[in-house]
Amino acid sequence: MKSEFDLHSFLPFLMHHASEKISLGFRDIYRDRYRMTRSEWRVLATLGQYGALTATEIIAHTGLHKTKVSRAVFSIEQRRWLKRGQDQNDKRIHRLELTSQGNSAFNALCDAGAAYNQKVHDFLGADDFKRLSDLLEKLNDL
């Protein structure tokens, strides 16, 4: 007996496929301009948005595995976009912070991200964009 299950109408499949398509569109921007990986972009964006953080705090904000965060931090540090400082309360902990060069890259990519977001907004229309954003926020609370 054939199952009535249809993968292409299964919500997790639809969300993953749409998410990948949207993510890959923006990936072209940070990859082509800065030769960055997705993990590097997420770490850079997290530090740019929140300021100095520990690797553990970056993991909490991004949901990335600690190995990916470690590799991304190393790569961003090699570009001199990130600096390490010791935590004042616990010398074993390093706080990671963007340098002025890192902040410049972050700001340029924020502008590109806002333009890309606007492109998606224009494609969907204001009402659908708002509805989709609201639904995704609601699903994140699930």
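Start by selecting α1 (11-34) and α6 (126-140), which each supply at least two residues of a nonpolar patch. Helices here are DSSP runs of H or I with at least four residues, strands are runs of E with at least two, and both are numbered from the N terminus. Before going further, note that this is a predicted model: local features need pLDDT of at least 70, side-chain atom pairs count only at pLDDT 80 or more, and totals for chains, interfaces and linings use all residues. Residues are numbered from 1 along each chain as its sequence is written, and side-chain values use heavy atoms, leaving out hydrogens and water.

**Stop 1: the nonpolar patch**

Now show the side chains of Leu11, Leu14, Met15, Leu132, Leu136, Leu139 and Leu142: together they make a surface patch with about 650 Å² of accessible area. That area comes from the Shrake-Rupley method with a 1.4 Å probe, and for residues only the protein chains shown count as cover. Patch members have over 30% relative accessible area and no salt bridge; nonpolar side chains (Val, Leu, Ile, Met, Phe, Trp, Tyr) are joined within 5 Å, like charges within 9 Å. Click on Leu136, in helix α6. Leu136 counts as partly exposed because its relative accessibility is 36% (buried is under 20%, exposed over 50%, partly exposed in between, with a 1.4 Å probe and protein chains only).

**Stop 2**

The term means a side-chain nitrogen of Lys or Arg within 4 Å of a carboxyl oxygen of Asp or Glu, and the structure holds ten of them. Asp128 and Arg131 are three residues apart in helix α6, so about one helical turn separates them. Asp128 is partly exposed at 37%, and Arg131 is partly exposed at 46%. Next, pick Lys130 and Asp134, a salt bridge with its closest N and O atoms 2.9 Å apart. These two are four residues apart in α6, again about one helical turn.

**Stop 3: aromatic rings**

Move over to the aromatic side chains, where the count comes to six pairs. Rings of Phe, Tyr and Trp (its six-membered ring) pair if their centres lie within 6.5 Å; planes under 30 degrees apart are stacked, over 60 edge-to-face and the rest tilted. Select Tyr30 and Trp41: the ring centres are 6.0 Å apart and the planes at 15°, so this pair is stacked. Tyr30 lies in helix α1 and Trp41 in helix α2 (residues 38-50), so the pair ties together parts eleven residues apart in sequence.

Tyr34 is in helix α1 and Trp81 in the loop between α4 (66-78) and β1 (82-86), 47 residues apart. To see one aromatic cluster, show Phe26, Tyr30, Trp41 and Tyr116.

**Stop 4: Arg79**

Finish at Arg79, whose charged end sits over the ring of Trp81, 4.8 Å from its centre (NZ of Lys or CZ of Arg must be within 6 Å of the ring centre and within 35 degrees of the ring normal). Arg79 also forms a salt bridge with Glu40, the closest N and O atoms being 3.7 Å apart. Glu40 lies in helix α2 and Arg79 in the loop between α4 and β1, so this pair ties together parts 39 residues apart in sequence. Glu40 is buried at 8%, while Arg79 is partly exposed at 26%.
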